[in-house]
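I opened my notebook for a friendly walk through a fold. Here is what I looked up, entry by entry.

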Amino acid sequence: MNNLMRLNQAMEYIENNLINEIDMKEVSRIALCSEFHFSKMFSYLAGMQLSEYVRKRKLTLAVSDLKANLSIQDVAVKYNYSSADAFSRAFKKMHGILPSEARLETAITKTFPKLSFEINITGGREMEYRIVEKDAFNLIGFKKRVTITHNGANEEITSMYKAYTPEVIAELKGLSNVEPIGMLSASMNFVDRHLDGVGKLDHIIGIASTNSSEKYDVTPIEASTYAVFTSCGPFPKTLQETWAKIYGQWFPSTNYVPTGGVEITCHATADMSDPNFKSEIWVPVKLEEK
């Protein structure tokens, strides 16, 4: 079973549970990846966050319920909104009218159809990568809970760099003794709240090391196999496009699957305004079981 088939099975599970609490652990089990990786893969392939898709599908189905004369309160409860007012606000934001107006024969509402995915090959382009076997190590640096941004710069993450004075950077680099060498970033502990579209994760900026530290946050990373990709171009646009190609093209065309481990981005260029900003993306992978 390939990655694309698993992704579509996960989408089928989401569709069948729009009136229930969607269990993201079950979604990630079906897709054979972590919750964060599934959400990232979805956003790159669909061009929107998973939470936005779920919200639009719920509000599309709600129109039929309203036309069948279910009360606004009952429809709000059915689609897991905290109140009729919260449902009404979301409904008007999508459809441009209030739920009560949707019952009118002359009402005009919007439809957002169920998504499924397929590979559309429009021209081959090679993706260079290498496979690296790594023993367990530590990520050492600062860690912060941040809101997810899939496109453009994440201001919360950008603000983290203010703590990285030349002295701190020099001290951290002095602890670095394993690949990926130099300053890096990683994300973990992803949580996505579908109705309000707020996704959170822990973001780490630091170094990889077999050492420890009492001064900085230390996050143990287990031994893993990594696929390593290089990104070179304007930041963050090129880096985000490389992520999209990894999930949208590389995984579907290989026998590798993501393990759900911690992904790491290592920046080889210091100046983020450099048009040839170079990064490495380290993705924990394993060969698909036949």
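**Entry on N80.** I started with N80, which I found in the loop between α5 and α6 (84-95). Helices here are DSSP runs of H or I with at least four residues, strands are runs of E with at least two, and both are numbered from the N terminus. Phi of N80 is near 65°, a positive value in a residue other than glycine. N80 counts as partly exposed because its relative accessible area is 28% (buried is under 20%, exposed is over 50%, partly exposed is in between, with a 1.4 Å probe and protein chains only).

**Note on the model.** I reminded myself that this is a predicted model, where local features need pLDDT of at least 70 and side-chain atom pairs count only at pLDDT 80 or more, while totals for chains, interfaces and linings use all residues. Residues are numbered from 1 along each chain as its sequence is written, and side-chain values use heavy atoms, with hydrogens and water left out.

**Entry on N69.** I then went to N69, in the loop between α4 (50-67) and α5 (72-78). Its phi is near 70°, again a positive value in a residue other than glycine. Is N69 buried or exposed? N69 counts as exposed, because its relative accessibility is 61%.

**Entry on N17.** I looked up N17 in the loop between α1 (3-16) and α2 (24-31). N17 has 15% relative accessibility, so it counts as buried. What does the side chain of N17 reach? I found the backbone oxygen of Y13, at 2.8 Å.

**Entry on two prolines.** I checked for cis peptide bonds next. One joins E179 and P180, with omega about -5°, and P180 lies in the loop between α8 (166-175) and β3 (184-193). Another joins F235 and P236, with omega about 5°; P236 lies in the loop between β6 (224-232) and α9.

**Entry on α3 and α9.** Two packed helices are described by the angle between their axes and the distance between the axes. For α3 (residues 35-46) and α9 (residues 237-250), I noted axes that come within 9 Å and cross at roughly 100° (axes are lines fitted to C-alpha atoms, for helices over the stretch in contact, and angles run from 0 to 180 degrees between N-to-C directions). The two helices are therefore roughly perpendicular to each other, a label for angles of 65 to 115 degrees. H37, K40, M41, Y44 and L45 of α3 make the contact with Q240, W243, A244, Y247 and G248 of α9, where contact means heavy atoms within 4.5 Å.

Key: Polar contact = N/O pair within 3.5 Å; in protein donor to acceptor, adjacent residues only side chain to side chain. Parallel < 35°, antiparallel > 145°, perpendicular 65-115°, else oblique.
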